[in-house]
Amino acid sequence: GGHGSASRGGIENVLRNAHAYTEMNISQFGKEERKTRVGYKDRQKRDAFYQMNHAGDALGLHEAVVQRAKELFAGYRDDRELVQQYRGVIAACLCEAFDQLSRDGRQILKRRAGEDDGGDGGDGG
């Protein structure tokens with residue numbers, strides 16, 4: 001039995017070394033690639049922002065909605081190595097931004113309406 005365990009140890013060593021070697025190479029590879037990756041991400045963001053501006057104009061969206069969508073996209077983009085469904089993500093960001101700002105806007109309008117009612121009530125006496 002002793003011989004079997006020794007050879008298994010040898011295999012484990014080989015695997016461990018291979019793993020360490022791969023890890024090291026991947027980390028080096030990351031450094032080389034990082035610059036191009038960041039450049040690519042920025043280029044993709046610029047392109048996405050251009051498309052969002054275009055869609056915003058076409059749909060008559062408020063610029064605050066487009067701005068929020070850009071923030072959402074940038075955050076999502078920074079978090080991902082690769083964006084699948086690129087156009088879908090752009091659309092989703094615009095939808096989400098629109099929803100968020102609609103909710104905020106409704107609350108602002110409600111608050112204003114509440115203040116106006118209070119004012120009218122006082123004047124009506």
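What share of the contacts in the protein chain with a separation of 6 or more comes from residues 24 or more positions apart? Such residues account for 69% of those contacts, a contact being heavy atoms within 4.5 Å. This is a predicted model, in which local features need pLDDT of at least 70, side-chain atom pairs count only at pLDDT 80 or more, and totals for chains, interfaces and linings use all residues. Residues are numbered from 1 along each chain as its sequence is written, and side-chain values use heavy atoms, with hydrogens and water left out.

**Fold and surface**
- The protein chain holds three helices and zero strands, where helices (H or I, at least four residues) and strands (E, at least two) are DSSP runs numbered from the N terminus.
- Read from the N terminus, the order of elements is α-α-α.
- Of the 125 residues in the protein chain, 18% are buried (buried means under 20% relative accessible area, exposed over 50%, partly exposed in between; 1.4 Å probe, protein chains only).

**Helix α2**
- Helix α2 comprises 17 residues, 63-79, and spans 25 Å from its first C-alpha to its last, close to the expected 24 Å, which is 1.5 Å times one less than its number of residues.
- Its buried residues include Val65, Val66, Ala69, Lys70, Phe73, Ala74 and Arg77.
- An α-helix has 3.6 residues a turn, so residues three or four places apart point the same way.
- Glutamate 63 also lies in helix α2, but is exposed at 68% relative accessibility.

**Aromatic pair**
- The whole structure contains one aromatic pair (ring centres of Phe, Tyr and Trp, its six-membered ring, within 6.5 Å; planes under 30 degrees apart are stacked, over 60 edge-to-face, the rest tilted).
- Phenylalanine 73 and tyrosine 86 form this edge-to-face pair, at 6.1 Å centre to centre and 75° between the planes.
- Because phenylalanine 73 lies in helix α2 and tyrosine 86 in helix α3 (residues 86-124), the pair ties together parts 13 residues apart in sequence.
- Phenylalanine 73 is buried at 0% relative accessibility, and tyrosine 86 is buried at 18%.

**Cysteines**
- The count of disulfides (cysteine sulfur atoms within 2.5 Å) is zero.
- The sulfur of cysteine 93 is 9.3 Å from its closest cysteine sulfur, in cysteine 95, and therefore too far for a bond.
- Cysteine 93 is buried, at 7% relative accessibility.
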